[in-house]
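Me: I'm new to this one and would like to go through it piece by piece. Could you look at it with me?

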Amino acid sequence: MAPYEVTRSALIPAPPEEVFPLVNSFLEWTKWSPWENVDPELDRSYSGNDAGVGARYAWSGNRKAGSGTMEIVESDFPRSIKVRLEFIKPFKAVNPTSFAFTPSDGGTLVTWRMTGENKGLAKIFGLFMNMDKFIGADFERGLAALSTAVRAKTA
């Protein structure tokens, strides 16, 4: 097995109380997730709570989007959120994902972290593709879009 971690941070010019709700509800992710435009016909479903612990999201799409589920397993307003991310396609994997919201001069430092282990076919893929480079740019785009979404919501 080949463990990996992808982490990106960005300063978002708003207090944690304004940023947190956009991550704590999967219904809000369409406003900022870097994967929203990967498949224009992406099939989404929501279940459980609308926000916080027990909120669930499932998706199924084209080859690029794949399919999987997410569930918020911890929600500590306005400090942190933990998500159980499970990919079904193209590779089966469970990737613990977290968001930390740290008050900072000028706003909130948001840190997005995903960990995992490459197993089976994904391990072979991991030999040729660095997960940090593969996913890191998506995290950066997502954090920039989150900043834009927060500004739009508070404008």
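Me: Let's start with α3: which of its residues are buried?
Reply: This is a predicted model, and in it the buried residues of α3 are Met-131, Ile-135, Gly-136, Asp-138, Phe-139, Gly-142, Leu-143, Leu-146, Ser-147, Ala-149 and Val-150.

Me: And how many residues does α3 have, and how far does it reach?
Reply: Helix α3 has 24 residues and spans 34 Å from its first C-alpha to its last, which is close to the 34 Å expected at 1.5 Å a residue.

Me: What angle do α1 and α3 make where they cross?
Reply: The axes of α1, residues 16–24, and α3, residues 131–154, cross at roughly 115° and come within 10 Å of each other, and the crossing is right-handed.

Me: Which residues meet there?
Reply: From α1 there are Glu-18, Val-19, Leu-22 and Val-23, and they meet Leu-146, Ala-149, Val-150, Lys-153 and Thr-154 of α3. Sorted by class, this contact has six nonpolar residues, one polar and two charged. Leu-146, Ala-149 and Val-150 are also among the buried residues of α3.

Me: Changing topic, where is Thr-97, and is it buried or exposed?
Reply: Thr-97 sits in strand β6, which covers residues 93–104, and Thr-97 counts as buried because its relative accessibility is 7%, under the 20% cut-off.

Me: What does Thr-97 touch?
Reply: Leaving aside residues up to four places away in sequence, Thr-97 touches Ile-81, Lys-82, Val-83, Leu-85, Trp-112, Arg-113 and Met-114.

Terms used. Residues are numbered from 1 along each chain as its sequence is written. This is a predicted model: local features need pLDDT of at least 70, side-chain atom pairs count only at pLDDT 80 or more; totals for chains, interfaces and linings use all residues. Side-chain values use heavy atoms; hydrogens and water are left out. Axes are lines fitted to C-alpha atoms, for helices over the stretch in contact, and angles run from 0 to 180 degrees between N-to-C directions. Helices (H or I, at least four residues) and strands (E, at least two) are DSSP runs, numbered from the N terminus. A crossing is left-handed if the near helix is turned anticlockwise from the far one by less than a right angle, and right-handed if clockwise. Contact means heavy atoms within 4.5 Å. Ala, Val, Leu, Ile, Met, Phe, Trp, Tyr, Cys and Pro count as nonpolar, Asp, Glu, Lys and Arg as charged, and the others, Gly among them, as polar. Buried means under 20% relative accessible area, exposed over 50%, partly exposed in between (1.4 Å probe, protein chains only). The expected span of a helix is 1.5 Å times one less than its number of residues.
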